[in-house]
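Student: I have the sequence and the structure open side by side, and I would like to go through them slowly. Could we take the residues and helices one at a time?

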Amino acid sequence: MAMITVFRASISRSLPYCFPNLLSSSSNRNSAPKKNKLLCYAASSHTKTIRSEMSFCIGTHMIPHPKKVERGGEDSFFVSDYNGGVIAVADGVSGWAERNVDPSLFPQELMANASCLVGDEEVSYDPQILIRKAHAATSAVGSATVIVAMLEANGKLKIANVGDCGLRVIRGDQVFFSTSPQEHYFDCPYQLSSEIAGQTYLDAVVSRVEVMEGDTIVMGSDGLFDNVFDHEIVSTVVGQSDVAEAAKALANLASIHSMNSEFESPYSLEARSKGFDVPFWKKILGMKLTGGKLDDITVIVGQVVKSQHISLLDEDQTVEAHTEQENKLES
């Protein structure tokens, strides 16, 4: 059974996940589980093959908006070890609070539904279909931006994104792939909603990326990408030896920048490019709009690792060696 974990931001936390079929790399010894040896039994006529599969080793960290700590923030996410791994983030739209609606309920239920549907036959490991079914099953009032990424064992990363949550694939010391935010206008992203007027899974931007062993995936809510530049994400990830510590470092950096009124953040640069700035008299004095954006911050860092599965082939029949077999023999 796949391991599925759903979270909403209640406190600042950092959590590592190394899924059962992962091998420990030198940079993730603190996160990866001890590898059990595989036992294979076959007649001499069988052919032994080794199949390499890609999987995630995951670290997460969440920091709620300073004014929303007691309520737990409005972000939610889940991670699953189904197939090569599934990660997702949903960011509740805070404007619903003006209608006396808790903005955290919609993203929380959306992620809970998505986590339950990961292995659904109709989803067929398609993140866009997963979004469709999870959205249809969500009854809470509200709306949320959402991003889902699914890693296949062959190294194909499938991504579906509605709104301004984001994902970066880092290879070596540079961003190899980046999602783009969807906005109606500045600070009004595309969003799934309980109302008919909102977007649907058909509005999602769907991407497919071939990843390699050693690639790092950084996923987050806009609380990360509004406050941290891509080059800072790369340097922070490269400077950490553990995915959980990398997620924590990125979330902390985003939090620090969000509270710095003098920092030229990605958010303030975009605001100025869209015509938002300080009053004219301040411009005369050489002042300009600066500062980060206070927000809930969710960060997921996943390292792509390769595991080898030993199979025994006899004509059309394949016998897989599982660690459960070893456990039964040893007991």
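Student: Is Phe276 buried, partly exposed or exposed?
Tutor: Bear in mind throughout that this is a predicted model. Phe276 has a relative accessible area of 43%, and since buried means under 20% and exposed over 50%, this residue falls in between. Phe276 is therefore partly exposed.

Student: Where along the chain does Phe276 lie, and how far in space is Phe276 from Phe186?
Tutor: Phe276 belongs to the loop between α6 and α7, the latter covering residues 280-284. Although 90 residues separate Phe276 from Phe186 in sequence, their C-alpha atoms are apart in space by 9.4 Å.

Student: Which residue follows α6, with a positive phi, and which residues of α6 are buried?
Tutor: The residue that follows α6 is Gly275, with a positive phi near 95°. Helix α6 itself runs over residues 266-273, and what covers its buried residues includes α3, residues 222-225. Those buried residues are Pro266, Tyr267, Ser268 and Ala271.

Student: How does the reach of α5 compare with the span expected for a helix of 16 residues?
Tutor: Helix α5 takes in residues 243-258, and the expectation rests on 1.5 Å a residue. From the first C-alpha of α5 to the last, the reach is 22 Å, which is close to the expected 22 Å.

Student: Which residue caps the N-terminal end of α5?
Tutor: The cap involves the backbone nitrogen of Ala244, which has a side-chain oxygen 2.9 Å away. Ala244 is also among the buried residues of α5, a list that includes Val243, Leu250 and His257. The side-chain oxygen belongs to the capping residue, Asp242.

Student: Is α4 parallel or oblique to α5, and which residues make the contact?
Tutor: Helix α4, residues 230-238, packs against α5 at an angle of about 140°, with the axes 10 Å apart. That angle makes α4 oblique to α5, and α4 passes α5 in a right-handed crossing. The contact is made by Glu232, Ile233, Thr236 and Val237 of α4 together with Ala249, Leu250, Leu253 and His257 of α5.

Student: What is the angle between α1 and α2, and is their crossing left-handed or right-handed?
Tutor: Helix α1, residues 105-117, packs against α2 at an angle of about 125°, and their axes are 8 Å apart. That makes α1 oblique to α2. Phe106, Glu109, Leu110, Asn113, Ala114 and Leu117 in α1 meet Leu130, Lys133, Ala134, His135 and Ala137 in α2, and the crossing is right-handed.

Student: Why does Gln128 count as buried, and which residues does Gln128 touch?
Tutor: Gln128 has its place in helix α2, residues 127-137. Its relative accessible area is 18%, and because buried means under 20%, Gln128 counts as buried. Leaving aside residues up to four places away in sequence, Gln128 touches Ala160, Tyr201, Leu202, Ala204 and Val206.

Student: Is Gly172 buried or exposed, and what distance separates its C-alpha from that of Asp215?
Tutor: Gly172 lies in the loop between β8 (166-171) and β9 (174-178). Its relative accessibility is 59%, so Gly172 counts as exposed. Along the chain Gly172 and Asp215 are 43 residues apart, and their C-alpha atoms are separated by 7.3 Å.

Student: What percentage of the residues of the whole protein chain count as buried?
Tutor: The secondary structure of the chain comes to eight helices and 16 strands. Of the contacts with a separation of 6 or more, 75% are between residues 24 or more positions apart. Among the 331 residues of the protein chain, the share that counts as buried is 50%.

Notes: Residues numbered from 1 in each chain as written. Predicted model: local features only at pLDDT ≥ 70, side-chain atom pairs only at ≥ 80, totals over all residues. Heavy atoms only, no water. Helix = DSSP H or I, 4+ residues; strand = E, 2+ residues; numbered from the N terminus. Expected span 1.5 Å × (residues − 1). Buried < 20%, exposed > 50% of the residue type's maximum accessible area, 1.4 Å probe, protein only. Polar contact = N/O pair within 3.5 Å; in protein donor to acceptor, adjacent residues only side chain to side chain. Contact = heavy atoms within 4.5 Å. Axes fitted to C-alpha atoms, helices over the stretch in contact; angles between N-to-C directions. Parallel < 35°, antiparallel > 145°, perpendicular 65-115°, else oblique. Left-handed = near helix turned anticlockwise from the far one by under 90°.
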